[in-house]
Amino acid sequence: MIRNMGAGNITMLVGQKYVILIDAKFPQDHDGIMKIIGGVTKLPVRYVINTHMHPDHAGGNPAMQMAGADIVASENGRRIMAERGAPGLANIAIRDYLRIYLDDLPLDLYYFGRGHTDNDIVILLPTKKMPIAGDLFALYGPYRAVIDYTAGGSLRDWTRTLERVLQLDFDTVIPGHSGLTDRKNVEGYKDYLTKTQDMVREMNKQKKTKDDISAVLKSEFNWGGLEMQIGLDGVITEMC
């Protein structure tokens with residue numbers, strides 16, 4: 001894992017002939033990433049797999065392409081980046097499933113549905129029983145829910161998507177931003193999202209105001225400025 005506090009995690013997989021990266025952080029992180037890779041191996045980066053299209057995960061794509069890497073992403077993620085004029089579009093796009101081999105190591109790429117966005121990919125290392133979850137499961141504590149409705153996100157569907165993730169065979173998991181953790185924390189996150197749904201739905205039934213709902217999301221569900229900015233209106237509408 002290549003980590004810093006300002007961007008999403010990178011997972012680096014080193015084979016006999018090349019390197020696969022999962023995510024690419026921001027453009028300004030590129031030189032530091034390459035320095036870390038160079039301290040491990042002199043092999044080239046062959047593939048960069050984007051867990052989703054947000055720039056703290058995919059912003060480094062153009063520099064990786066300049067270095068000769070192919071970009072792999074979901075079809076939805078590629079579409080949204082193209083619509084927004086974002087550089088670094090994937091040249092390999094998946095709809096539901098793709099398997100890539102790094103030597104004898106299989107990587108299973110799944111698109112399970114909407115959640116943080118409508119283009120989140122989970123990458124499972126089946127022989128290691130380890131998924132790389134991206135921002136479908138970003139933080140193991142305290143839990144938060146960044147729902148980007150402008151990129152097709154959905155609180156309602158997020159729990160269903162995580163149910164599909166939890167059908168995979170795994171013990172440990174790499175989240176989108178925090179450190180290595182386990183299945184129990186993914187289950188806990190699904191429960192957190194379910195409680196968030198139930199609370200907003202119930203407050204809507206009680207005709208509570210937007211400010212009332214916002215206050216509970218802040219006090220009981222750890223919502224901050226980013227969550228409010230991109231998720232509050234969408235959650236209230238979706239949980240009617």
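Visitor: In β8, which residues point the other way from I121, I123 and L125?
Guide: This is a predicted model. In a regular strand, side chains alternate between the two faces of the sheet. Here I121, I123 and L125 point one way from β8, and the other way point V122 and L124.

Visitor: Is V122 buried or exposed?
Guide: Strand β8 covers residues 121-125, and five of its five residues are buried. V122 is therefore under the 20% relative accessible area cut-off. The state of V122 is buried.

Visitor: Which residue in β8 is the bridge partner of Y110?
Guide: Strand β7 spans residues 105-111 and pairs with β8 in the antiparallel sense, over four bridges. In β8, the partner of Y110 is V122.

Visitor: On β9, what is the bridge partner of L125?
Guide: β8 and β9 (residues 130-134) pair in the antiparallel sense over three bridges. Their hairpin has four residues between the strands, and K129 takes a positive phi near 55° there. The β9 partner of L125 is M130.

Visitor: How do the planes of Y97 and Y110 sit, and at what angle?
Guide: The model has nine aromatic pairs. In one of them, Y97 and Y110 lie 5.2 Å centre to centre. Y97 is in strand β6 and Y110 in strand β7, 13 residues apart. The pair is tilted, with an angle between the planes of 50°.

Visitor: Why does Y110 count as buried?
Guide: Buried means under 20% relative accessible area. Y97, at 43%, is partly exposed. Y110 counts as buried because its relative accessibility is 18%.

Visitor: Which ring has R183 over its face?
Guide: R183 lies 4.2 Å from the ring centre. The ring is that of F170.

Methods:
Residues numbered from 1 in each chain as written. Predicted model: local features only at pLDDT ≥ 70, side-chain atom pairs only at ≥ 80, totals over all residues. Heavy atoms only, no water. Buried < 20%, exposed > 50% of the residue type's maximum accessible area, 1.4 Å probe, protein only. Helix = DSSP H or I, 4+ residues; strand = E, 2+ residues; numbered from the N terminus. Pairing = 2+ DSSP bridges. Phe/Tyr/Trp six-rings, centres within 6.5 Å; stacked < 30°, edge-to-face > 60°. Lys NZ or Arg CZ within 6 Å of the ring centre and 35° of its normal.
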